[in-house]
Structure formats: structure tokens, C-alpha cells
Protein chains: 2
Amino acid sequence: MPPVDAERPEATLAAFVADLTYDAVPEAARTTIERAFVDTVGVTLAGSVADAGARAVRFATSLGSGETTVLGTGETASLADAVLANGTAGHALDYDDLSWAMDGHPSVPLVAPALAVGERVDASGRDLVTAFAAGFEAECYVGEPVSPTHYEQGWHPTSTFGTFGATATAASLLDLDEETTARALSIAASMPSGLKRNFGTMTKPLHAGLAGRSGVTAALLARDGFTADEAAISGDGGFWERYAEGAERVADPPGDPWRLVETGISVKAYPCCYFTHTSVALASQLSEDHGLAPETIEHIETTTSRGAGDALVHPDPETGLEAKFSMEYALAAAVVFDRVGLTAFEPAAIEDPEVQHVRERASFAVDDTLAYKSNHARVVVETTDGERYDGTLEEPPGTPANPLSESELEAKFLECATEVLDRPTAEATFADLRALRSCPSVRELLAPL
Amino acid sequence: MPPVDAERPEATLAAFVADLTYDAVPEAARTTIERAFVDTVGVTLAGSVADAGARAVRFATSLGSGETTVLGTGETASLADAVLANGTAGHALDYDDLSWAMDGHPSVPLVAPALAVGERVDASGRDLVTAFAAGFEAECYVGEPVSPTHYEQGWHPTSTFGTFGATATAASLLDLDEETTARALSIAASMPSGLKRNFGTMTKPLHAGLAGRSGVTAALLARDGFTADEAAISGDGGFWERYAEGAERVADPPGDPWRLVETGISVKAYPCCYFTHTSVALASQLSEDHGLAPETIEHIETTTSRGAGDALVHPDPETGLEAKFSMEYALAAAVVFDRVGLTAFEPAAIEDPEVQHVRERASFAVDDTLAYKSNHARVVVETTDGERYDGTLEEPPGTPANPLSESELEAKFLECATEVLDRPTAEATFADLRALRSCPSVRELLAPL
């Protein structure tokens, strides 16, 4: 790996993306990518019939036609329109993965362009793995010098850094050379957008779709000779300066170390805010271990970080979207349901008297001694017959340190995919995606979707 | 007109856009719009075969198919893809109009969405005039509270403010109600982009295409019930805060006063930087008045503003793009050619020995006592036989105070349109567009294009 060219960091990234081969991707990273890929396709399928996703799908399929699969619909659209739809659907349920290596959701801006461009050039599964690796490292490399300032100022990194990731992913699949990849990344520097101000609305998932659409646009235009300034990320008035206060440090080179290995990706076990996950896992465990019936709960309380306190602002949610950002609701769902899955955020669940019974007895405290983003949680349950149970947990399920088991990954995929596919097709698709590196043809992979 | 709601300026704008009718647009504004419309269609036709424009056209027509006309090509594409192509083509030659009311090029982000959405709903010419009026006033209203800071920080207002203009234009043609228009504008707040850092490259005209694509996306998604934060422009972490340092003032309400009437639009007489225009007009006039032959020029000098000094940085240009930003070249072209038009920036003109002879004898000085953006110019010519001629001019041709004559407007249109249309079709199109308010059907208008 060449050292970072502090004079022109764009060139370092372009060389990495253009030169990256499947063989150069570490096995640990490949494994992470395959898991992220299947998980992202799953949540995209489910998201294609959810609020924002369904609307993005209608947008794409109503504007024209094309050869690019719109996941979950049996329809196709123009490549750019399909990428917008698939990217938006992937984030529509907030059930997609995340990584602290780029302060956001890394996979949604990558998978939609990877599948669309991969379908166009009929790439192999290995090409997809390589392109994802290029895109993920690009998101991190562009993001690190301005993080966390960029996020704190109000930008949504899934969309902004994701724009560069999507561009790198598309460039990799189009097999662009270093100079052309550099132009693609500089064209992309004129495209990032996405305000945290729009969190809590359908425009949040749209940000992921916008990133993907921008990435394929930048890569395809660069391939046709489109020009851009060579320092559009790092130069005066470039991305780092305009979307933060300039680079605060020189990032380590992309792939050295591999962010996919060092930091990794956290797969979500539950379709709600990540800050609820440790508490949900603990409450589920206590409920199962002690056979707690909802009506016997006198009080259930969790204590966790300030980050959770800032994000979880709906003690008495009225909608599924609010429920995703309610610790009290999450605790109740954990006690009442076998699994806190998609159905736990549907109207029937929110109105369920048992859930409401427990939610009214749930409370949520912040421990200021914990790190802001810590997911450490403590849960204490008191029952009507005077018993008291408690526990603590450091890591929520799905982190690299506490990954979902193969059966949990499959259960989540099938839960999601069967929103739009019959179960045999969903099971076959899971098997195909889990063997991504052996897949000879993206087109064959997408045919059933 | 309701007073500006300082608590929620978005609502003021949404009400204006949703309620605007053709009858409410002042006659002076309608006239300005009709001239801007024909001029923008002309430069778009010429731009469809220019560097960035041709590439954007290939991008659009290669991704899928649709029912939206890609101007100048006889082809169609998906609505969003076509808007990207038409908007980029419109700005590809930097021959399109500008307005100090929004610190940029107002018409390119509006005309592409207006034609595309107008074609879809088969709007009338009056509907297009109304939608343009809504879009133009929206660009200004969103831009004014953060101008000129926004531009000075490095953003390209044609793209950023243009995103809101495009959204308003599309919303008007889709006949969205006030609440839906407000959501469209707030979705759009998560979309603006475009760095001045990319000026001087093909990505600059792309910015106009991106604005148009964003606008139609926001309006169509809003129509389908997509949600966004209601203060995404004005609230904490909203557009004004993230793309500047927050609003510095409360803008006057849109349409009160009409920016289209108060500030108006400047139509370009020459396909080069506006800061050259007064000098070109003067040099042409002196050359004509005194029958100056190129070989008799001993020295030609112009003196103008610091704004010109900052922009015109290529005394010895090698490409057409550099020549557009060269005062020395512009003076030479003015003396040598009957008209400084598109051909004056082609390789044959740049290599012309007579042009080079004059360019080598041309010089350019800055008068610090002039306002930064002043277009005031003085030109002094000395001939080989010892004669000396000079003149001064305040206003370049094409400004509201010194508008192009009808024949100049037609000559420019025909020069541009005949790049892709035969002359009878170009002449018929000019006539149709000049009678825009009488046009019953956008589809009929676009059929020959």
C-alpha cells in the first residue's frame, strides 16, 4: 500500500480502488462483507414495501423503464432510478447495519450501486465482494479526517461519506483505471447532501438512496470522460472544508489497516435504534431465564449511556417510527414477544394491551459515567410477587465482538425477505447470497428478486 | 401576499408556490420569463452536443428509456435522467442567463424540470410561465438570507438555490397543494450540492443538471406522501445553517417584490464570462465605427472591475474553456469576428493568426475604484498609423437595462439551435417559444426537438 499522499489524498484513494482485487481483500473482510451483503439485501426486500421504500419504488418505476432490478418488486427501472429506490428501501426500516468506522450505516449506500452496476456488467460474486470492500474503505477514508465534527455539525454520514463509497463501488465494478476513478471521486465531491435535521422522517432513508444514485452518476460520467477538479475533496473549498472545518488529520491509507477488519460492521438484531439493543437483549434474556409473564412485571428499568438518552425520546410512542426510538417500548416488546422483529413495530403490537401494560411500568436512566456512545446496559426487573432480577451486558448482539449466529442471521433474513418473497425463494436466496463468492453471475442472483 | 412567517419561512414559500396563478404573474415578469425560456432552450440545444452536455445526454439515454424528451437528440429517457441531461446541457457552454437576485444562473435549473414535468402532465405554455415564476422567486427567497456568504464560502448557487427553484417549478406543474409543496421543499433541503471548487471543469454544468434532478425527485416523492422535517430550510441544522452561517436576514416574501421585475435576468450576448461582455461590446463597436483591421491594431486595452480581474485568469488561453475566461482573448475576438458567438471559442478561432495577432497586443487593467462586480468598462485602441480611439460603457448587452433586441435574441437562438436542428425547424421553434403563453401543449412544443 502506498503511503498517503498528504498533498493529494484523492490519488491515494483512487489508486486503492482501481488496483483492488479479490485476492487482496483479507479473508476476515470477505466474511464480514458476505454477512453484510445478505443482511442488506434482506432489509432492502422488506423495506421495498415499507413507507419510504415503497414510495421510492413507485418513483423509480413510474419515470421510465430499464434493465435494472428494483428489489422485491419483479420490476425494473432506469439504472439511476433503481439505485435510488433500492438504496432508500434498504434504509427504510432502520434495520440495516452500521459501523463506527464511518459514523453511519455503511452498507446501504454500497449494495444498491453494487447490484445495479454488477447487473449491468454481469459481474461475479467476487467482483461484488471486491467492489464492496473498495466502497467501504472509501467511506471510512474520506470520513475519518472530518469525523466526528461532520456528524456533530448536522450531516448524515450514511449519505455524505456514502456518496464516495457508492462512487468507489461503482468504479470498481466498471473497472475504471486510477485516473478515471480519481475523476469519479472528484465529481462525487460536488454531490453529497443529507441533513440530520430530516431524521425521523422518510427523507432519512432517502439519503441512502441519494448517495447510491450520486455514486453511479459520478462513476458513469467519469468513464465517459467527464472532468472535475483533482483536489475536490481535499483542496480549498473542497468537500472536507465545506462539509466540516477541513481535515483535522491525515487518514491512514485505505485498506491499511482494513477498517472492515479493525472496526468491522455491526448487524442489527432488532429493527430499532441501536442504543436499545443491549437493553432489549438483556430484558429478553431475563424474561426467558425467569419465565416472566407480562402481567407479573411490577417495574422494569434499564440504565445506559447519554447517547441513548439523546436518541430515545419517545417514552409513549404512537407510531412504529416513534417506537423505534423508545427505550420504554423496546423493553416492553422484549418481555412480551419471543423476538423483537418487524412485527413488534406494527400498529397491532403498539396497541397490544400486554405491551402497553409493561411499557407503562418501564423506565430508563442514563449513567453519565459511561462513554457517550457506550452500549453498556443494566436491566433490573421487579415482579408483582416481590422478586427482583438484574443483569448487565457490554455489547449488544450483532457487533463484531458479539456477532449474530448463522441461524440468527438467517432468521432475520427470512423474516425480511418473506415480506415480498415466498419462503422457498427466500431460503434459496439466502443460500445463494451466503455463497456470494462462488456466484458466477449477478444477473442469475437477481433473477428471483 | 401574506407577510413572511419568520418562525417558518418554508410555509410562506410553500403558500406562494401553491397559490400562484398565471394571472398573478406581472406582465413584466411574464415577458422576462418568455425571453429566458427561449434563450435557455437555445443554449440547451447547443449544449447537448458540447463536452459536458453530450456526456450527460449519453448517460441519460444509456440507463433506460422513458417518455421524457432529451433536448436536441430525438431521444427520450426516464424523467429524472432526462432532467439531469437537459439541465447539464443548458449550462455546458456557460452561455445561459444569470441574475444577481440569486447570485447565479437562474434559468437552467428551472427549464429542464419545467419541460419534463410539463411534458408528463401535458401542461400549457401558461403553466410553464407560472411554474418558472414560482421557481425563480423560490431560488431568490431561499438564497437571499444567506447571500453572498453562501457563494463566498464556495457553494455554487445555480445548483444549491437552484435545487429549491427546481422543486418549486415541479411542484407548481404537479399542482401540489401548500402542505405537499412544503414537504417537497423540505425534502429538497436534504439534496443541495455543488462546489465552486469544480468550476472550470465539466462538473460545473453538471451542477445545474443535479439541481433539476433533485427538484423533480423531491416534488414527485412529496406528491406520493413522502415526509420531511417542516423546518428543514430554516431550523437548527437546516439548509441555511449548514450551507452558510445561518440566515443573516429575513427575506422579503416571494413575489413581493417580484425579483423577476426588480432585479430581472441578464441574457448573455456572448458565450463567455459575463465580466468580458461590456469590453467585448465596446471593442466591437470601436472596431465597427472606425473600420479597424486586425493587422492595424498596435495596442488594445480595457479597464474594468476587480471581479473581472479575479475571474479572467487566462491571458493566453489554449482551450475554448480557458478562452471563455480570458479578457485578452475576448478583446481580440471582438475585433476580428463580426460576432463573438459559439465559433469564436472553437479551436479554429483560437488558432486564427489574426486573433493571435490582436491578443498579443491586448491588455487588461483593474480599476479598484469600481464596485467589485461592476461591469463598467473602458477600452482604448491604438493603431499602427498612430490613431487612438476610446470609449466607456456601463452596462453589458443583455442586462435588463440594456436588453438584447428581438433580432439579437433570435440570432443567438438560431446560432445555438442550428447546432442540432435544421434552420426551418429552428426558426419555427423560435416562433413557438416566443409565443409561449399561447402554446396549448408542451408535448406539441417538444415534438420537433
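About 730 Å² is buried between domain 1 of chain A and domain 2 of chain A, and carbon and sulfur atoms give 65% of that area. Keep in mind that this is a predicted model.

Which residues of domain 1 of chain A lose the most area to domain 2 of chain A? They are Leu93(A), Tyr95(A) and Trp100(A), and together they account for 53% of what the domain 1 side buries.

Now the domains themselves. Domain 1 of chain A covers 9–262, and domain 2 covers 274–393. Taken over C-alpha atoms, their centres are separated by 33 Å. Where they touch, domain 1 of chain A supplies 9 residues and domain 2 of chain A supplies 8 residues.

Next, the polar side of this contact. Between domain 1 of chain A and domain 2 of chain A there is 1 salt bridge. Lys373(A) forms a salt bridge with Asp103(A), and the closest N and O atoms are 3.0 Å apart. On the side of domain 1 of chain A that touches domain 2 of chain A, the residues divide into 5 nonpolar, 2 polar and 2 charged.

Last, the annotation. UniProt, in an unreviewed entry, places the feature "domain: MmgE/PrpD C-terminal" at residues 270–426 of chain A. How much of residues 270–426 of chain A is helix, and how much is strand? The chain there is 39% helix and 17% strand. The end C-alpha atoms of that stretch are 19 Å apart.

Technical notes: Residues are numbered from 1 along each chain as its sequence is written. Chains are lettered from A and ligands numbered from 1 in the order in which they are written. This is a predicted model: local features need pLDDT of at least 70, side-chain atom pairs count only at pLDDT 80 or more; totals for chains, interfaces and linings use all residues. Side-chain values use heavy atoms; hydrogens and water are left out. Domain bounds come from an automatic or database domain assignment. Contact means heavy atoms within 4.5 Å. Buried area is the accessible area (1.4 Å probe) that two parts lose on being put together, summed over both. A salt bridge is a side-chain nitrogen of Lys or Arg within 4 Å of a carboxyl oxygen of Asp or Glu. Ala, Val, Leu, Ile, Met, Phe, Trp, Tyr, Cys and Pro count as nonpolar, Asp, Glu, Lys and Arg as charged, and the others, Gly among them, as polar. UniProt positions are given in the numbering used here, feature names are shortened, and annotations may be inferred rather than shown by experiment. Helices (H or I, at least four residues) and strands (E, at least two) are DSSP runs, numbered from the N terminus.
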